[in-house]
Amino acid sequence: MAKSDDCIHILQGLLIFGNVIIGMCGIALTAECIYFVSDPHGLYPLLEATENNDIYAAAWIGIFVGFALFALSILGIIGIIKSDRTLLLVYIILMLITFAFEMASCITAATHRDFLTPNLFLKQMLERYQKSEPANNNDKWMIEGVTKTWDKIMVQNHCCGVLGPSDWQEYTSAFRLTHSDADFPWPRKCCVMDAQGLPMNLDGCKLGVPGYYNSNGCYDAISGPVNKHAWGVAWFGFAILCWTFCVLLGTMFYWSGIEY
Amino acid sequence: TMLPLLLLLLPAAHGAVENVGYRPLLTESPVLEGLTTASTFVLDQPRCAFDKYSNADIWLVVALEKTATTFNNSVGPGTPESAFQNFPASVPAYMTLNATLANYPCPKPSGEITVLRVGSETSCAEDAARPTCNGPLPGPGPYLVKFLALEGSEPVAETDWSKPIMLRTAKSPNSISTMDGGHSAGMIALTTILSILFAILLAGLVAMLIFWGSDSCGGSSTFSKPEVVTVRRYNTHHVYDQPAARL
């Protein structure tokens, strides 16, 4: 009986350890998702305008799931120490529900990341940047968001357009309707700015002289943070779920062995 | 022999326009992003081409490729026959970007960017009072350009016509396809593995609930709750017998 007792104690110890890890990972997940939802790079208006902002929904779910994991891990630890069948059954069922939500969050984040291609941002930039005639209030809000965000991105990252300044030449755009091609081959924000926020050399910028305009595209500056966001939510969640899977299997095994 | 001589003299008598042997071209160095846009293009300045004509006004003539041959050098600049505003509707070419030799010193100092941007003046494009406006070009072309030097109102020198210059045409953003991103391998793997794990857990839960109450599963690992069972020591007959035997 002593050997069996040892086995039981080892299993209990392992399960408690597993639950402690789940609790800590839950808190980490909550913190990570709060960071992403706070949008430190200011890219949310772009995603909102593409109507493809589900990676933010995934992060919101992650916040609540992380919290639930922490609470349930404490419940689990108590249930294992007391070897209470009811408590552990409640624990297992609630954990399965949380597992399902976290699974949804991971899959959403991963799937919607795949939609965020350069073409998506390009089309939206051409259709909304500095558009002068909003169709309705919603459109007006999106236009403001897109315009402000692009201006900020282009100035801060020293870039122009999605793939380069030629985006503005290759395609017609809402910008082109109000700004003539001869005066504005590309927006003024694509010019190299001086300390006052004015173009250093306007003619050089209009001609496209190297050194007076931003020749890189902004896609890297956008996709970097967005990728980190999506992969952070998806893969960290996946790792937590794999660990939770093992702990839950162990708990089910433990539960079925408890005398009632 | 008299006839060929006469023919040679005839052009001279009319004040022949000398061809200076220069062909205008788009700027090649430095590489400019805005070399051609939808309504402008950038030419090299005609440095060292009109060196003999320090008194002349050097004009740029812009024509469509198909109408260039109908351009007459005697058309004066600043007239309705060469006005930008009438191009290309009623005139085959327009004249603009007036300069003198002083504007094009020879040789070109190295390190300086010496270009002419054709089409950069937007303020006078509709102004009929400014026929020599360097306005934005009205279509994608192709265009031919040449430089013409006038002394007074007489054309005295010209360059060759340039090669045809084609401007950019812009496509509509509706032609951009946003649906072509496939699903990445990572996402497929993630979805598959998570679905399998969830299915196993659900199966485990169902198994747990079905076998609730039956001891058939996990027989040897059944264990007791800590505080329920207490073992009591029994004193057997055997223990009491022994001291009696010693006596």
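Strands are DSSP runs of E with at least two residues, and they are numbered from the N terminus. By that rule, the loop between strand E1 (18-19) and strand E2 (41-44) of chain B holds B:Pro30. The model is predicted. Chain A has 10 helices and zero strands, and it is divided into two parts, domain 1 (1-116 + 221-257) and domain 2 (118-219).

**Fold and dimensions of chain A**

- Read along the sequence, the elements of chain A run α-α-α-α-α-α-α-α-α-α.
- The radius of gyration of chain A is 26 Å, whereas a compact globule of 260 residues would have one near 18 Å.
- The C-alpha trace of chain A spans about 90 × 40 × 30 Å along its principal axes.
- Of the contacts in chain A between residues at least 6 apart in sequence, 73% join residues at least 24 apart.

- Of the 260 residues in chain A, 52% are buried.
- Chain A exposes about 11300 Å², and 65% of this area comes from carbon and sulfur atoms.

**Domains of chain A**

- Domain 1 of chain A is made of two sequence segments, 1-116 and 221-257, while domain 2 covers 118-219.
- The contact between them takes 17 residues from domain 1 of chain A and 16 residues from domain 2 of chain A.
- Taken over C-alpha atoms, the centres of domain 1 and domain 2 of chain A are separated by 41 Å.

**Backbone exceptions**

- Most residues other than glycine have a negative phi, and most peptide bonds are trans.
- A:Asp39 is not a glycine, yet its phi is positive, at about 55°.
- A:Asp39 sits in the loop between helix H1 (2-37) and helix H2 (44-49) of chain A.
- The relative accessibility of A:Asp39 is 17%, so this residue counts as buried, the limit being under 20%.
- A:Gln130, also a residue other than glycine, has a positive phi near 55°.
- The place of A:Gln130 is the loop between helix H5 (118-128) and helix H6 (137-157) of chain A.
- A:Gln130 has a relative accessible area of 27% and is therefore partly exposed, a class that lies between the 20% and 50% limits.
- In chain B, the peptide bond joining B:Ser29 and B:Pro30 is cis, with omega about 0°.
- A cis peptide bond also joins B:Gly141 and B:Pro142, again with omega about 0°.
- B:Pro142 is in the loop between strand E5 (115-118) and strand E6 (143-151) of chain B.

- A:His179 is placed in the loop between helix H8 (174-178) and helix H9 (202-207) of chain A.
- With a relative accessibility of 17%, A:His179 counts as buried.
- Apart from neighbours within four places in sequence, A:His179 is in contact with A:Gln130 and A:Phe184.
- A:His179 and A:Gln130 are 49 residues apart along the chain, and their C-alpha atoms are separated by 9.5 Å.

Conventions:
Residues numbered from 1 in each chain as written. Chains lettered and ligands numbered in written order. Predicted model: local features only at pLDDT ≥ 70, side-chain atom pairs only at ≥ 80, totals over all residues. Heavy atoms only, no water. Helix = DSSP H or I, 4+ residues; strand = E, 2+ residues; numbered from the N terminus. Rg over C-alpha atoms; globule rule 2.2 N^0.38 Å. Buried < 20%, exposed > 50% of the residue type's maximum accessible area, 1.4 Å probe, protein only. Contact = heavy atoms within 4.5 Å. Areas by Shrake-Rupley, 256 points an atom, 1.4 Å probe, with all protein chains shown as cover. Domains from an automatic or database assignment.
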